[in-house]
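Please keep the sequence and the 3D view open while reading.

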Amino acid sequence: MQVGRRLVHTAARAQCVVSTSTDPYVNLAFEDWLLRNTDAQTHVLYLWRNRPTVVIGRNQNPWKECDLGKLQERGVGLARRTSGGGAVYHDLGNTNYTVLMPRQAFSRDRCAVMVAEALQQAGIPAHVTARHDVAVGARKVSGSAFRLTSSRAFHHGTMLIDADLAGLSGCLRSRHADAIDARGVDSVRSPVANLRDFSWTIDHGTFCAAVRARFAAAFGPVSDMPFDPNANAEMRQRLATWDWLYGQTPDFVHRLDGFFGWALLTAAISAHRGYISAVDLAPPRHASALPPHVQAAIADVRRLLPGTRYCRDDVARQLAPVSARSPHAAEISDWILSAFH
């Protein structure tokens, strides 16, 4: 329990496991395995790092949260957590921590306080914000996300130690964000900092040691648990699929305005589970009537897209035949495809 926002010892058993993998799907799958397979009365500290990856929350929209084209250019992966929360950038300059606990022992601040106290022990004046993040001054150094089941819960966060903050900013900015009406959860942007801005001695090893020490102070003597990258191979495969990364996205509508030499068009492309469900494509209500061949091109695009994955390659493939027949359809296709950059 907490006393004055400080943690005191409990009688629960405590274990610690450190990942030896930087594969985000392996690490997220192992986290899921820990949630499902560790004793419901134990506390487990799981420490892990990923290669460069943007990780979005379970109910987020990747087209809205990140620049997918820039991710591809930079070789940055995309992953979706099983927990909620906002989008985060992972690389080897940050360390992820997960604390699993009995459901009845869960509180949103408890583990954030533990991590803040670990940083204080390392000489970094960290505190917990009203949003349950860890910050130093006005800048966030770690966010928080949670998952709860009937018997277990976990709190996890991403601690920025020496991360590529320029890469973080570029990858987590979508130029289409304002044009997408989404039912999912939007990230809350905050000023961020690396721990290296406050200490030259902090690194992955010293951070892990400091957190483990505070974990032991809170939950008792800690025993080591081996890391098994194959413990949840089926889940690892699922987390890497298009259906999970994109198809899990809540319904959304992407709105576009197109200016052509022959007309002004507006489009509302609706998607359900990552597939285009409807296309509303037309000139403004009070515009002059379009020539029949332009109306035919618009009708072809509207007819062809429903049922197509919301994916540039799939949309391009679907529109290729009509684009080859009609220069107006080709212009409309290029305009729509620009929404996927």
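Histidine 272 stands opposite tyrosine 275 of strand S18. The two belong to a predicted model, in which local features need pLDDT of at least 70 and side-chain atom pairs count only at pLDDT 80 or more, while totals for chains, interfaces and linings use all residues. Residues are numbered from 1 along each chain as its sequence is written, and side-chain values use heavy atoms, with hydrogens and water left out.

Strand S17 (residues 264-272) pairs with S18 in the antiparallel sense over seven bridges. Two strands are taken to pair if DSSP finds at least two bridges between them. Helices (H or I, at least four residues) and strands (E, at least two) are DSSP runs, numbered from the N terminus. S17 and S18 form a hairpin with two residues between them, and arginine 273 in that turn has a positive phi of about 55 degrees.

S17 also runs antiparallel to S16, to which eight bridges join it. Phenylalanine 252 has alanine 271 in S17 as its bridge partner. A hairpin of four residues links S16 to S17.

These strands belong to an open sheet of four strands, ordered S14-S16-S17-S18, with antiparallel pairing. Strand S14 (180-182) and strand S18 (275-282) stand at the edges with a single partner strand each, so one side of each is left without a neighbour in the sheet. On average, neighbouring strands of this sheet are turned by 15 degrees against each other, direction ignored. Helix H11 (residues 327-337) packs on the sheet and touches strand S16 (252-259), S17 and S18. The direction of H11 makes about 55 degrees with that of S17. Contact means heavy atoms within 4.5 Å. Axes are lines fitted to C-alpha atoms, for helices over the stretch in contact, and angles run from 0 to 180 degrees between N-to-C directions.

An open sheet of three strands has the order S6-S5-S7 and mixed pairing. Its edge strands are S6 (77-80) and S7 (88-90), each pairing on one side only. Neighbouring strands here are turned by 25 degrees against each other on average, direction ignored. Strand S5 (residues 53-56) pairs with S6 in the parallel sense over four bridges, and valine 55 stands opposite alanine 79 in S6. Helix H1 (residues 24-37) lies across S5 and S6, at about 15 degrees to S6.

Elsewhere, strand S12 (residues 145-148) and strand S13 (residues 152-160) pair in the antiparallel sense over four bridges. Arginine 147 stands opposite phenylalanine 154 in S13, and a hairpin joins S12 to S13 through three residues.

| Strand pair | Sense | Bridges |
|---|---|---|
| S5 and S6 | parallel | four bridges |
| S12 and S13 | antiparallel | four bridges |
| S16 and S17 | antiparallel | eight bridges |
| S17 and S18 | antiparallel | seven bridges |

**A helix pair**

The axes of helix H9 (residues 292-304) and helix H10 (residues 312-325) come within 10 Å and cross at roughly 170 degrees. That makes H9 roughly antiparallel to H10, a term used for angles over 145 degrees. Asp300, Val301 and Leu304 of H9 make the contact with Gln318, Leu319, Val322 and Arg325 of H10. By class, the residues of this contact are four nonpolar, one polar and two charged. Ala, Val, Leu, Ile, Met, Phe, Trp, Tyr, Cys and Pro count as nonpolar, Asp, Glu, Lys and Arg as charged, and the others, Gly among them, as polar.

**Pocket and cavity**

On a 1 Å grid over the protein atoms alone, a cavity is a set of points where a 1.4 Å probe fits but cannot get out, and a pocket is an open set with protein on both sides within 12 Å along at least five of seven lines; lining residues have an atom within 4 Å of a point. Grid points are joined across faces, edges and corners, and a volume is the space filled by probe spheres set on the points.

The second largest pocket has a volume of about 590 Å³. Its lining consists of 26 residues, of which Leu68, Gly69, Gln72, Tyr246 and Phe340 lie nearest its centre. Helix H3 (68-74), S6, helix H8 (242-245) and H10 each supply at least two lining residues, and H3 gives the most, with five residues. The lining of this pocket has 15 nonpolar, six polar and five charged residues.

The structure holds one cavity of 30 Å³ or more. The largest cavity is lined by Leu28, Glu31, Arg80, Arg81, Thr82 and Leu239.

Key: Parallel < 35°, antiparallel > 145°, perpendicular 65-115°, else oblique.
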